[in-house]
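Please walk through this protein model with me, from its overall layout down to single side chains. Have the sequence and the coordinates open side by side.

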Amino acid sequence: MEGFQEWIQERAKTNLSQSWAGIILFGSGSERAAFNRFFEEFEQFLKQKDDSKIQKNEDILRLSEDMSFPQFDIYNEILSNIKKRPGMFLGANSITRLDMLLRGYSLARKEVGVPPTEPEREFEGFQSWVEEKYGINSGQSWSKIILFYSVDEHEALQKFFKLFEEYLNENKSLEVDENNS
């Protein structure tokens with residue numbers, strides 16, 4: 001129903017503050033005719049709404065192909081700042097808030113069709129690395145595992161940065177070993 005009120009007002013060419021039901025009833029003559037007309041109008045509204053969604057998605061895709069997105073990366077550029085001043089970026093020293101920030105960032109990039117950066121792809125392995133490090137395969141997120149082995153959110157956040165650095169160093173040493181072989 002979202003947008004139906006505005007759509008029906010536009011179709012009726014009215015700016016009166018009348019409900020969509022009132023507008024349909026006024027133009028129909030009887031309640032029975034209005035009832036039937038509602039379904040016809042609503043079906044047409046949904047079709048136009050779907051068509052405009054398709055067009056918007058195509059426009060977004062075209063824009064993303066035309067535009068060169070900057071190679072901003074939260075994992076390289078923001079995490080170091082969060083480590084120094086977590087309260088400023090997260091509102092509190094909280095591993096849970098950090099997890100939500102990273103999830104939101106990744107989701108937003110996926111939603112607009114921006115491909116993951118190299119550090120984002122690298123971070124995807126952090127979950128399994130944490131599970132292996134703690135000997136856990138519970139289906140819990142990396143943040144929940146680290147929090148479980150910490151006193152509180154603050155300590156867990158500090159542990160995250162140490163573990164993440166350790167993870168990155170191990171990955172770099174593995175890459176060097178692979179390149180030398």
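Predicted model: local features only at pLDDT ≥ 70, side-chain atom pairs only at ≥ 80, totals over all residues.

Residues are numbered from 1 along each chain as its sequence is written, and side-chain values use heavy atoms, with hydrogens and water left out.

Start with the fold. The protein chain holds 10 helices and 0 strands. Its pattern along the sequence reads α-α-α-α-α-α-α-α-α-α. Helices here are DSSP runs of H or I with at least four residues, strands are E runs of at least two, and both are numbered from the N terminus.

Next, burial. Of the 181 residues in the protein chain, 31% are buried. Buried means under 20% relative accessible area, exposed means over 50%, and partly exposed lies in between (1.4 Å probe, protein chains only). The protein chain exposes about 12500 Å², with carbon and sulfur atoms supplying 54% of it. Those areas come from the Shrake-Rupley method with a 1.4 Å probe; for residues, only the protein chains shown count as cover.

Contacts tell another part of the story. A contact means heavy atoms within 4.5 Å. Take the contacts between residues at least 6 apart in sequence: 52% of them join residues at least 24 apart.

Q5 lies in helix 1 (residues 4-12). Q5 has a relative accessible area of 23%, so it counts as partly exposed. Leaving out residues up to four places away in sequence, Q5 touches Q18, S19, W20 and I23. Q5 and Q18 are 13 residues apart in sequence, and their C-alpha atoms are 9.0 Å apart in space. Helix 2 (residues 20-28) has G22, I23, I24 and S28 buried. G29 follows helix 2 with a positive phi, near 95°.

G135 follows helix 8, and the phi of G135 is positive, near 65°. In the loop between helix 8 and helix 9 sits S141. S141 counts as buried because its relative accessibility is 14%. Not counting residues up to four places away in sequence, S141 touches D99, R103 and Q127.

Turn to the aromatic rings. A pair of aromatic rings is described by the distance of the centres and the angle of the planes. How many aromatic pairs does the structure hold? There are 19. Rings of Phe, Tyr and Trp (its six-membered ring) pair if their centres lie within 6.5 Å; planes under 30 degrees apart count as stacked, over 60 as edge-to-face and the rest as tilted.

F35 and F39 form an edge-to-face pair, 5.0 Å centre to centre with 75° between the planes. Both sit in helix 3 (residues 31-66), 4 residues apart, so about one helical turn separates them. F35 is exposed, at 53% relative accessible area. F39 is partly exposed, at 45%.

Y134 and Y149 make a stacked pair, 4.6 Å centre to centre with 20° between the planes. This pair links distant parts of the chain, 15 residues apart: Y134 is in helix 8 (residues 126-134), and Y149 is in the loop between helix 9 (142-148) and helix 10 (153-180). Y134 is partly exposed at 21% relative accessible area. Y149 is partly exposed at 35%.

One aromatic cluster is formed by F123, F126, W129, W142, F160, F161, F164 and Y167.

On a 1 Å grid over the protein atoms alone, a pocket is an open set of points where a 1.4 Å probe fits, with protein on both sides within 12 Å along at least five of seven lines; lining residues have an atom within 4 Å of a point.

The lining has 16 residues, and Y75, S106, K110, F123 and E124 lie nearest the centre. Helix 6 (95-111) and helix 7 (118-123) are the elements that each give two or more residues to this lining. Which element gives the largest share of the lining? Helix 6 does, with 7 residues. By type, the lining divides into 7 nonpolar, 3 polar and 6 charged residues. Here Ala, Val, Leu, Ile, Met, Phe, Trp, Tyr, Cys and Pro count as nonpolar, Asp, Glu, Lys and Arg as charged, and the others, Gly among them, as polar.
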